[in-house]
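Please keep the sequence and the structure in view while reading.

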Amino acid sequence: MMKLCVKIYDKKKYLEINKLKEKYYITTAIAYTSGKPHIGNTYEAILADSMARFKRYQGYDVFFQTGTDEHGQKIEEKASVAGVSPKVFVDGVADEIKRIWNLVGVSYDKFIRTTDEYHEKQVQKIFKKLYEKGDIYKGSYEGWYCTPCESFWTESQLVDGKCPDCGRPVVKSQEEAYFFKMSKYADRLMEYYNEHPEFITPVSRKNEMVNNFLKPGLQDLCVSRSTFKWGIPVDFDNKHVVYVWLDALTNYITGVGYDADGNHLDGYNKFWPADVHVIGKDIIRFHTIYWPIFLMALDIPLPKRVYGHGWLLQDGGKMSKSKGNVMYADDLVDYFGKDAVRYYVLNAMPQDNDGLISWESVIDTINSDLANIFGNLVSRTIAMSNKYFGGLVKDANVNEPVDAELKEVATSAVKKVTAKMDEFRISDALSEVFTLFRRANKYIDETMPWVLAKDESKKDRLATVLYNLTESIVIGASLLYPFLSDTCKKVFAMLNVELRGYDQLGEFGKLTQTTVTASPEILFARLDGAKIMESVNAMIASRSKPEITQPKKEEKPMIDIEDFAKVELKVAKVIACEKVEKSKKLLKLTVKLGEETRTVVSGIANAYTPEELIGKKITMVTNLKPAKLCGIVSEGMILCAEGEDGTLSVLSPARDVEDGSSIS
Ligand code: ME8
């Protein structure tokens with residue numbers, strides 16, 4: 001009885017008493033399987049992933065669903081051009097999408113495909129249910145059809161005779177079809193908007209829906225197609241397939257186990273209604289008008305929120321396959337590593353607008369934020385703890401007024417970050433964390449530990465300063481953990497601490513003492529922009545060239561012997577070798593140069609297996625500045641010959657010589 005009262009009046013308390021966690025169901029849009037997703041589509045998966053991880057960190061019982069939208073005329077056409085069946089085609093693309101989601105660390109609980117048997121069955125049942133209820137009826141349609149958008153338009157909806165959504169040409173089309181009575185639910189939807197002002201975020205997008213669609217009056221929606229086959233058949237009239245948006249939108253309920261006959265799986269009972277659908281601005285109409293209305297017709301509660309994010313647009317021109325400049329997540333990860341890419345895209349997108357991206361600004365952001373602000377703070381703090389206290393960090397409680405501001409910024413960060421996350425202002429949440437890191441860097445300048453170190457009587461003050469810095473890093477890295485988990489794990493390992501619990505972040509001084517590592521790793525090496533851009537431009541150029549033309553070999557200018565003498569070349573022995581997990585092209589080699597051992601990352605994975613190289617003597621440049629590839633610092637470059645057909649061959653000395661021997 002007692003529990004029941006608490007349940008009614010205070011849900012949080014009820015969950016606490018019953019040791020239950022509050023559920024949180026978050027979804028992305030399901031990506032079309034018409035081709036490889038670009039960085040814009042991938043951004044959405046990273047965004048929703050960060051939101052899901054943050055909720056998990058807060059203690060919610062999260063269910064995070066993503067997946068693929070696999071039916072429709074466009075996909076049927078693409079498969080036919082590729083000369084394969086639609087199913088074979090979508091299987092390939094769905095695998096590629098999963099690979100990319102995994103590469104950027106998308107921690108989904110379910111990856112739904114609209115070709116999944118359970119989903120298809122339920123869509124058929126839903127269609128029938130709505131037909132039997134009278135909300136779907138059979139009629140005939142004459143209108144303008146936009147194939148890429150899979151949408152019918154009336155004459156008056158066209159803009160300059162073209163599709164009002166994408167601006168592409170439309171074709172006149174007439175077909176017998178099933179329609180859904182949209183207008184029947186328009187008033188109820190308006191009411192829902194008014195009663196739930198937070199339903200659509202940002203609010204500017206809600207105004208767009210009201211003024212452009214609800215106020216002018218909703219038209220009945222055509223929800224079947226008979227001009228192509230690649231869709232879910234209407235089971236009682238199989239000339240027709242279900243309209244791809246009705247099919248796709250229902251993924252949000254079928255994925256957790258909705259059953260149109262009422263025999264829902266546990267997941268549905270537990271997780272529906274969704275707490276948030278994360279989608280792009282172009283598909284808000286489908287999610288805030290059609291989707292809630294379908295749900296009303298099915299007597300199902302509506303999702304709590306829909307967040308329509310902006311688009312990532314390429315600075316300096318539209319991403320285009322023919323220009324070869326489409327940015328893909330796997331290329332970015334190859335160059336910069338997973339966490340840097342996640343940080344970059346999350347930081348680049350403001351909430352109310354589109355975000356501009358470019359290769360140059362990825363490099364700038366990594367150098368300024370990740371290397372200079374975050375990486376530097378961590379490495380300076382660890383280095384000073386090692387230098388002055390043999391790695392021991394312990395508060396000596398010699399406080400000064402300057403400490404107060406750092407502590408205030410650190411302890412208020414959790415509230416500020418959470419408030420931004422609750423408003424779906426992800427880039428602002430990240431900047432709150434970086435405000436703390438900046439403040440901590442300023443604290444180093446203010447306290448000048450190197451000056452304190454010169455005065456034995458200031459030893460305890462110095463210990464306090466380093467403790468305050470370490471504690472600030474632990475708080476900051478814990479808040480950053482949902483966004484850059486691998487990097488933050490490295491920080492915790494180097495500081496020899498655990499991830500701080502979310503509930504513990506509002507207090508300064510939770511760390512008792514620790515001994516930091518004596519050999520810290522560089523979190524983000526500073527990147528040489530010019531060098532990377534040279535390589536990126538070469539990649540873009542090679543992709544934009546017609547396949548048949550052979551790349552022209554570049555002739556290099558004559559050099560003096562002094563120029564050549566600057567290069568240090570040596571024979572090295574490969575003692576270990578493995579594939580770089582995140583990359584298709586890279587191998588990580590451990591090589592021996594006499595007494596010295598080094599790590600080298602080389603783009604030869606297509607030419608050699610690791611086993612082929614182990615034990616081999618090879619040649620390498622040993623005085624090249626270290627560079628970070630896929631998060632691994634490479635300390636040299638392996639020499640290779642490249643055949644006409646691009647085959648790579650590692651260069652080895654013709655006679656056996658000691659490793660470490662120099663080459664001249
Ligand atoms: O729309 N920047 O799939 P999709 C940011 N299958 N986000 C972008 C973007 C960009 N440049 N380009 C696209 C579909 N997106 C449907 C969804 S849901 C029931 C069906 C976003 O592969 C886009 O807004 O075209 C959408 O949210 C997601 O990527 C998938 O787009």
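## A partly exposed glutamate and its partner

Glu-96 has a relative accessibility of 22% and so counts as partly exposed; the term covers the range between buried, under 20% relative accessible area, and exposed, over 50%, with a 1.4 Å probe and protein chains only. The model is a predicted one, in which local features need pLDDT of at least 70 and side-chain atom pairs count only at pLDDT 80 or more, while totals for chains, interfaces and linings use all residues. Residues are numbered from 1 along each chain as its sequence is written, and side-chain values use heavy atoms, with hydrogens and water left out.

Glu-96 is joined to Arg-99 by a salt bridge, with 3.2 Å between the closest N and O atoms. A salt bridge here is a side-chain nitrogen of Lys or Arg within 4 Å of a carboxyl oxygen of Asp or Glu. Both residues belong to helix α5 (residues 86-103), and because they are three residues apart, about one helical turn separates them. Helices are DSSP runs of H or I with at least four residues, numbered from the N terminus. Arg-99 is also partly exposed, at 28% relative accessibility.

## A link across the chain

Which residue in helix α13 pairs with Arg-99? Asp-330 does, and the N to O distance of this salt bridge is 2.8 Å. The pair connects distant parts of the chain, since helix α13 (residues 329-336) holds Asp-330, helix α5 holds Arg-99, and the two residues are 231 apart. Asp-330 is buried, at a relative accessible area of 6%.

Lys-36, Glu-96, Arg-99 and Asp-330 are linked in a network of salt bridges. In the whole structure, 43 salt bridges are found. One of the others pairs Asp-455 with Lys-458, their closest N and O atoms lying 3.7 Å apart. Asp-455 is partly exposed at 30%, and Lys-458 is partly exposed at 35%.

## Nonpolar cores

A nonpolar core is a set of buried Ala, Val, Leu, Ile, Met, Phe, Trp, Tyr and Cys residues joined through side-chain atoms within 4.5 Å. The largest one has 113 residues, and those with the most contacts inside it are Ile-26, Phe-336, Trp-359 and Leu-480. Helix α15 (residues 359-389) supplies the largest share of this core, 13 residues. Another core lies apart from it, with 57 residues, including Tyr-25 and Phe-199.

Leaving out residues up to four places away in sequence, Phe-336 touches Val-341, Trp-359, Val-362, Ile-363, Ile-366, Leu-527 and Ile-532. Contact means heavy atoms within 4.5 Å.
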